[in-house]
Amino acid sequence: MLNYIIWNFDPILLSLGPITIHWYGLMWGIGFLVGFELMSRIFKYENHPKEWADKMFIYMFIGTIIGARLGHCLFYEHWFDWIDAYGRTHEGCISHPLNLLKVWEGGLSSHGGAFGILTSMYIYNRRVSKKGYLWIFDRLIMPIAVVGSCIRFGNLLNSEIYGEVTTMPWGFIFVRDGQTLPAHPTQLYETLYCLVTLAVSSYLFFKKKAYERKGFIFGTSLIIIFLTRFFLEFIKNDQESFEAEMLLNMGQILSIPFIIWGGWLIYNTMKKPRIKTD
């Protein structure tokens, strides 16, 4: 009996002439649609206007895509033209800024997406809900967890962003990426912690009414997501070659501020009495 899984999934869902639809793109779409439905139900549960969810979907979608793309280019790509070990010249994201628009070529950062969501929700709060920044994220973290789990599963379908070689029986050999040894399917690990975040935040919101401590649900979710992400980075392959010389890779460095923020939110809100919200 094999003690590993041979993974040779075709990332292309459908190809019609010049049009190609990837499973990864479909998972993005499913994540946003399910997240939108969940957010709509949360607002309905609290008797808030339906259009709040409609507008939030637009703000979040735009913020996520722009943030994820900019984040990848700024955190993981070369800023200026560079020459690799084979003498080939590659374009930098600043020297060729139009490359930032090429979302279809891949290169999306989850940390960049997080910054994009934070920015877009700041604007959303000022223009639409006006309920407060933390009020939004105590509720939005549930749809975010849904989207995150779908995206990470899409990474698995793409045979990308996996971990180091492992002898565990659930190791995956990513054939389409040219691998011959089983590796940690870290995409599944990250899908799992997103689902755990969804379960915990939903329990705190609907069962414990933890939203009466503004920021507690969001802070707890930040700890679950980014602390887990920090430790998982130790078994993930570096996304870029420059990370090999770093004590902590880029994913870990970018996770630290979110972990600290989450801890501060929990500490700060626990010092205050519960506040009934409408």
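User: Leaving aside neighbours within four places in sequence, which residues is tyrosine 124 in contact with?

Analyst: Happy to start there, with the note that this is a predicted model. Tyrosine 124 is among the residues with the most contacts inside the largest nonpolar core. Once neighbours within four places in sequence are set aside, its contacts are Phe43, Trp52, Lys55, Met56, Tyr59, Ser129 and Ile136.

User: How are H3 and H6 oriented to each other, roughly parallel or roughly antiparallel?

Analyst: Let's go by the axes: those of helix H3 (residues 110-129) and helix H6 (residues 216-232) come within 13 Å and cross at roughly 160°. Angles over 145 degrees count as roughly antiparallel. The two helices, H3 and H6, are therefore roughly antiparallel.

User: How many residues in the contact of H3 with H6 are charged?

Analyst: From H3 come Ser110, His111, Ala114 and Leu118, which meet Phe218, Phe226 and Arg229 in H6. The residues of this contact divide into 4 nonpolar and 2 polar, and the number charged is 1.

User: Is glutamine 252 buried or exposed?

Analyst: Glutamine 252 sits in helix H7 (residues 250-270). Not counting residues up to four places away in sequence, glutamine 252 touches Phe230, Glu233 and Phe234. The relative accessible area of glutamine 252 is 2%, so this residue is buried.

Technical notes: Residues are numbered from 1 along each chain as its sequence is written. This is a predicted model: local features need pLDDT of at least 70, side-chain atom pairs count only at pLDDT 80 or more; totals for chains, interfaces and linings use all residues. Side-chain values use heavy atoms; hydrogens and water are left out. Axes are lines fitted to C-alpha atoms, for helices over the stretch in contact, and angles run from 0 to 180 degrees between N-to-C directions. Helices (H or I, at least four residues) and strands (E, at least two) are DSSP runs, numbered from the N terminus. Angles under 35 degrees count as roughly parallel, over 145 as roughly antiparallel, 65 to 115 as roughly perpendicular and the rest as oblique. Contact means heavy atoms within 4.5 Å. Ala, Val, Leu, Ile, Met, Phe, Trp, Tyr, Cys and Pro count as nonpolar, Asp, Glu, Lys and Arg as charged, and the others, Gly among them, as polar. Buried means under 20% relative accessible area, exposed over 50%, partly exposed in between (1.4 Å probe, protein chains only). A nonpolar core is a set of buried Ala, Val, Leu, Ile, Met, Phe, Trp, Tyr and Cys residues joined through side-chain atoms within 4.5 Å.
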